[in-house]
Amino acid sequence: MPPEALPWLVVALFGVALLVAALVLLDRSGARIRAARRLAGAREVKVGSLLDEAEPPHRSVRVVGRVRCADPLVTERDERLVAWHRDVEVRTRDGWRSIEHRRETRSFELWDHDGSLAVDPAHAAEPLIAIPHVWNGSPDELDETYQPAIARLAAQAGPVTAARAETRMLSVVDRLLVLARVEREGGRTRLLPPPGGYVISGMELDDAMRLLGGPRRRWIPAALVGAVAGTVLAGIGLAGTLIAALG
């Protein structure tokens, strides 16, 4: 390699290192960039306006409406839900291990005063965009239904030292945002899950974006700037190296 190419190679390597660091920072921020981009980037429409449109939208849209469900899930606290997601994990010397991944849903109608459309939340992308109910504690505090699984893990991977649980719910009283494809067949309009599933939020868009930003969302601007700068520097450095080598 000619000496003239070495400075450009250094620039390229620095750009790659900066890009990798930015991606690691973005991952550790806890941000769910893809879900946020999909939800925020779609056009928002009301249920009634979809029913009135001559042609269905060619791209997925963010449909807003209320929940109507004839057979909701009913919790011990008398909460009436259309989706209930619960994950329970325990910590061993090998890290966190799942002992429950439970999903319960009910089909419902997304409606406004001008009409309604059916949604099956069993086809929702995860996570549901709802404020999670988080619990952390000792494995002994989990009820007896979890103890056999904890005992098996302890026998396989050593002592179980901690436990945590996360529950997300969508209620019949929520106003939902649903990212969906719209299809019309035989005069009937339907909401279908886009690739990856419906993105369903029980929160207003601004609040949903804050939640999807993760617990360290202040890191995101720096990570994005670093990713762009790293990409540009790597490209410039590689181009300069190639030109110097050929010249």
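A nonpolar core here is a set of buried Ala, Val, Leu, Ile, Met, Phe, Trp, Tyr and Cys residues joined through side-chain atoms within 4.5 Å. Buried stands for under 20% relative accessible area, exposed for over 50%, and partly exposed for anything in between, with a 1.4 Å probe and protein chains only. The model is a predicted one, in which local features need pLDDT of at least 70 and side-chain atom pairs count only at pLDDT 80 or more, while totals for chains, interfaces and linings use all residues. Residues are numbered from 1 along each chain as its sequence is written, and side-chain values use heavy atoms, with hydrogens and water left out.

In soluble globular proteins, nonpolar side chains tend to be buried together. The largest nonpolar core in this model has 25 residues, and those touching the most other members are Val63, Phe108, Leu110, Leu170, Leu176 and Leu191. Two or more residues each come from α3 (47-52), β2 (61-68), β4 (80-92), β6 (108-112), β7 (115-119) and β10 (175-185); these helices (H or I, at least four residues) and strands (E, at least two) are DSSP runs, numbered from the N terminus. The top contributor is β10, with 4 residues. Take Leu170: setting aside residues up to four places away in sequence, it touches Leu81, Val82, Ala83, Leu128, Ala130, Leu176, Ile200 and Gly202, where contact means heavy atoms within 4.5 Å. There is also a second, separate core of 11 residues, with Val88, Leu142, Ala149 and Leu153 among them.

Ala149 and Leu153 turn up again in helix α4 (residues 147-157), whose buried residues are Ala149, Ile150, Leu153 and Ala157. These four sit on the same side of α4 because they cover an arc of only 100° around the axis, the arc being that of the directions from the helix axis to the C-beta atoms. That buried set packs against β4 and β5 (95-105). On the face turned away from the buried side, α4 carries the exposed residues Arg152 and Ala155.

Strand β2 holds Arg62, which counts as buried at 7% relative accessibility. Apart from neighbours within four places in sequence, Arg62 is in contact with Leu39, Ala40, Ala42, Arg43, Glu44, Val45, Leu177, Val178, Leu179 and Leu205.

Two loops have backbone details to look for. Asp78, in the loop between β3 (73-74) and β4, has a positive phi of about 65° although it is not a glycine. Asp78 counts as exposed, at 59% relative accessibility.

Finally, the surface. Trp8, Val228, Val232 and Ile236 make a nonpolar patch of about 370 Å². Patches are made of residues with over 30% relative accessible area and no salt bridge, joining like charges within 9 Å and nonpolar side chains (Val, Leu, Ile, Met, Phe, Trp, Tyr) within 5 Å. A salt bridge is a side-chain nitrogen of Lys or Arg within 4 Å of a carboxyl oxygen of Asp or Glu. Helix α6 (residues 219-246) gives the patch its largest share, 3 residues. Val228 lies in α6 and is exposed, with a relative accessible area of 55%. Thr231, also in helix α6, is partly exposed at 47%. The C-alpha atoms of Thr231 and Ala12 are 9.0 Å apart, although 219 residues separate the two along the chain.

Methods: Areas by Shrake-Rupley, 256 points an atom, 1.4 Å probe, with all protein chains shown as cover.
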